[in-house]
Amino acid sequence: MDQETTDYIINYFSNLMTNHEKLALKHQMSSFKSNENPQFRKIMIDKGWISSDPEITNLLENGYEIFKQNIVTRIMTETPEKVFLNNCPKCNKLARTPHAKQCRHCGYSWHHLTVAQFTLNDTFQITGRKFFLTGQIIEGEIKEGQHIDLRMLGLNKKIKIESIEFVLKRQDGKAWEDIALGTNELTEQDKEYLKSIHPFKKTLDIIIE
């Protein structure tokens, strides 16, 4: 895999790294920053950011670039569906960030494909009915037939909104209505994954295809 894609995955999908990989990355960065400052290096060692654990340091024995490539190879082998490669719809080259909507290579903009933004608060399913994602519209207008872009959540899918309903929520003596977006396009594994990452911290794009 090319260096641009490798760095993109390391920078934006570090949540998919193992604990040892994260510690090795911190070790590498701390060692580099403190290389010419013994006092700063001692602080880093005391904090545990520079490690002497062979299980950590051995990951870097072939150099930093090989270390990164090994991480990305493992991630793309084990959980490729959780990596969102934000490729330009026109030239198919990788954008600068997962959130970018304009290509740095050819200049094409796809801002027009995003028609609304939705803050996801919760998910639920009633037996025999659709799976619902509930939350609030931040901007724009949501209609049936549009798609929820779940790639920001680490689920590489754009699911169709098949129904729009309202659900009454109560918490701490307050009541409000959330919008519930229904879909049948998620597998049971997808649903369990979404439940496992609750509470949600990201705003999702509502897009047209």
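Me: Is N92 buried or exposed in this model?
Reply: N92 is exposed, because its relative accessible area is 55%, where exposed means over 50%, buried under 20% and partly exposed in between, with a 1.4 Å probe on protein chains only. The model is predicted: local features need pLDDT of at least 70 and side-chain atom pairs pLDDT 80 or more, while totals for chains, interfaces and linings use all residues. Residues are numbered from 1 along each chain as its sequence is written, and side-chain values use heavy atoms, without hydrogens and water.

Me: What is the phi of N92?
Reply: The phi of N92 is positive, about 70 degrees, although N92 is not a glycine. N92 belongs to the loop between α5 (64-78) and β1; helices (H or I, at least four residues) and strands (E, at least two) are DSSP runs numbered from the N terminus.

Me: And D172, where is that?
Reply: D172 sits in the loop between β5 (163-171) and β6 (174-183). D172 is not a glycine, yet its phi is positive, at about 55 degrees. With a relative accessible area of 71%, D172 is exposed.

Me: How many bridges pair β5 and β6?
Reply: Nine bridges join β5 and β6, and the pairing is antiparallel; two strands pair if DSSP finds at least two bridges between them. Within this part of the structure, L168 has E177 in β6 as its bridge partner.

Me: What is the strand order of the sheet?
Reply: The order is β4-β3-β7-β1-β2-β6-β5, an open sheet of seven strands with antiparallel pairing. β4 (158-160) and β5 stand at the edges; each has a single partner strand, so one side of each is left without a neighbour in the sheet.

Me: Change of topic: which peptide bond is cis?
Reply: The bond that joins H198 and P199 is cis, with omega of about 5 degrees. P199 lies in the loop between α6 (188-196) and β7.

Me: Is P199 buried or exposed?
Reply: P199 is exposed, with a relative accessible area of 55%.

Me: Now the pockets. How much space lies in the largest one?
Reply: The largest pocket holds about 410 Å³ of space. A pocket is an open set of points on a 1 Å grid over the protein atoms alone, where a 1.4 Å probe fits, with protein on both sides within 12 Å along at least five of seven lines; lining residues have an atom within 4 Å of a point. The volume is the space filled by probe spheres set on the points, which are joined across faces, edges and corners.

Me: Which residues are closest to the centre of the largest pocket?
Reply: F84, N86, W110, D149 and R151 are the closest to the centre, out of 23 residues that line the largest pocket. By class the lining has eleven nonpolar, six polar and six charged residues, with Ala, Val, Leu, Ile, Met, Phe, Trp, Tyr, Cys and Pro as nonpolar, Asp, Glu, Lys and Arg as charged, and the others, Gly among them, as polar.

Me: Which element gives the largest share of that lining?
Reply: β7 gives the largest share of the lining of the largest pocket, three residues. β1 (114-125) and β7 (203-207) each supply at least two residues of that lining.

Me: And how much space lies in the second largest pocket?
Reply: The second largest pocket holds about 340 Å³ of space. It is lined by 16 residues, of which N15, M152, L153, G154 and K202 are the closest to its centre. The lining of the second largest pocket divides into ten nonpolar, three polar and three charged residues.

Me: Last topic: how many aromatic pairs are there in the whole structure?
Reply: The search of the whole structure finds five aromatic pairs; rings of Phe, Tyr and Trp (its six-membered ring) pair if their centres lie within 6.5 Å, and planes under 30 degrees apart count as stacked, over 60 as edge-to-face and the rest as tilted. One of them, Y8 with F13, is tilted, at 6.2 Å centre to centre and 40 degrees between the planes. Y8 is buried, with a relative accessible area of 3%, and F13 is buried at 7%.

Me: Why is the pair of F124 and F132 stacked?
Reply: The planes of F124 and F132 are at 15 degrees and the ring centres 5.3 Å apart, so the pair is stacked. F124 is partly exposed, with a relative accessible area of 29%, whereas F132 is buried at 1%.

Me: Which residues do ring pairs link into a cluster?
Reply: Y8, Y12 and F13 are linked into a cluster by ring pairs.
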